[in-house]
Amino acid sequence: MSLFWRIFLLNAAVLMAAGALLLLGPITVSAPVVLTEAVILACGITLMLGANALLLRLGLAPLQRVTRAMATIDLLHPRPRPEVGGHGEIADLIETFNSMLDRLEAERATSSARALSAQEGERRRVAQELHDEVGQTLTAVLLELKRVTGHAPEPLRGELAHVQEITRGSLDEIRRIARRLRPGVLEELGLVSALTALTTETPTPGGLTIRRRWEKDLPELGEEAELVVYRIAQECLTNTVRHARASLLELSLRRSPDGVELRIRDDGRGIGDAPEGAGLRGMRERALLIGARLTLSSGTAGGTDVRLDVPVRNGLD
């Protein structure tokens, strides 16, 4: 039955019930209207309106659930779909809405996968150019400075040696940036070694202590899942170093009932009521690509607690 006929029949039932009471009941209307009759009519109309409103609310309740879902839905925070309820067009509407959400999530996942793949490709290209072009150029400059220093007068050798140190430091910084852009150790030695290198090579402010806990015999993940875990750990570590003002950061990787759990906790300022930025949204998009669940909360003693649960079945090639 269509929504129109359901509402029509509800109203018709209420009106017919009211008409039956007027015809069969002891209620009469005088001319002019007596006060007691006016009160009875007012009460009857009020009851009719109340019954009509109650029946309509019960009939349209599924639409209110869909409206709330439309107002609060976020494709980066998957939630259970609205339960299909009601009859006829209402049930069809809820089923259509759920199907639309499925299509939107699939399309978003596909587009995010393309964007992240392009981003990783660009990172790889930039890292390769930094390593091959800029790195080789600075290496040639270092060799030339060494040659010139050997023939320079004694007063200039100290200054040339200082320039050499600056150039060597710049070369090391470029190599570090290239490794962050393209984690070659992840492809060569695996996730645990890559995370260890990440925490070791990331410059940390004075007073920040990093603790690492790696479980042995972790379930094997695919390349895509390992890259997602690495990038999320990298983003969390960068945010903590730059913004958290923390004194302790704990990073752990352990087996979970469904797969692998990455957890990063610090005792810094926390996120408070700050709006979700591009970094966190990027983390959520990466997690959704491999079917992982990303949870962000405040630590028990302040700071931020980030947890990534990666199911093995979605991480296997």
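Author: Begin with helix α7 (residues 223-244) and helix α8 (residues 278-289), which pack at an angle of about 165° with their axes 10 Å apart. Helices (H or I, at least four residues) and strands (E, at least two) are DSSP runs, numbered from the N terminus. Axes are lines fitted to C-alpha atoms, for helices over the stretch in contact, and angles run from 0 to 180 degrees between N-to-C directions. This is a predicted model: local features need pLDDT of at least 70, side-chain atom pairs pLDDT 80 or more, while totals for chains, interfaces and linings use all residues. Residues are numbered from 1 along each chain as its sequence is written, and side-chain values use heavy atoms, without hydrogens and water.

Reader: How are α7 and α8 directed relative to each other?

Author: Angles under 35 degrees count as roughly parallel, over 145 as roughly antiparallel, 65 to 115 as roughly perpendicular and the rest as oblique. α7 and α8 are therefore roughly antiparallel.

Reader: Is Asn 98 buried or exposed?

Author: Buried means under 20% relative accessible area, exposed over 50%, partly exposed in between (1.4 Å probe, protein chains only). Asn 98 has 10% relative accessibility, so the residue counts as buried. Its place is in helix α3 (residues 89-151).

Reader: What is the phi of Asp 217?

Author: Most residues other than glycine have a negative phi. In Asp 217, phi is positive, near 55°. Asp 217 lies in the loop between β1 (209-214) and α7, and counts as exposed because its relative accessibility is 65%.
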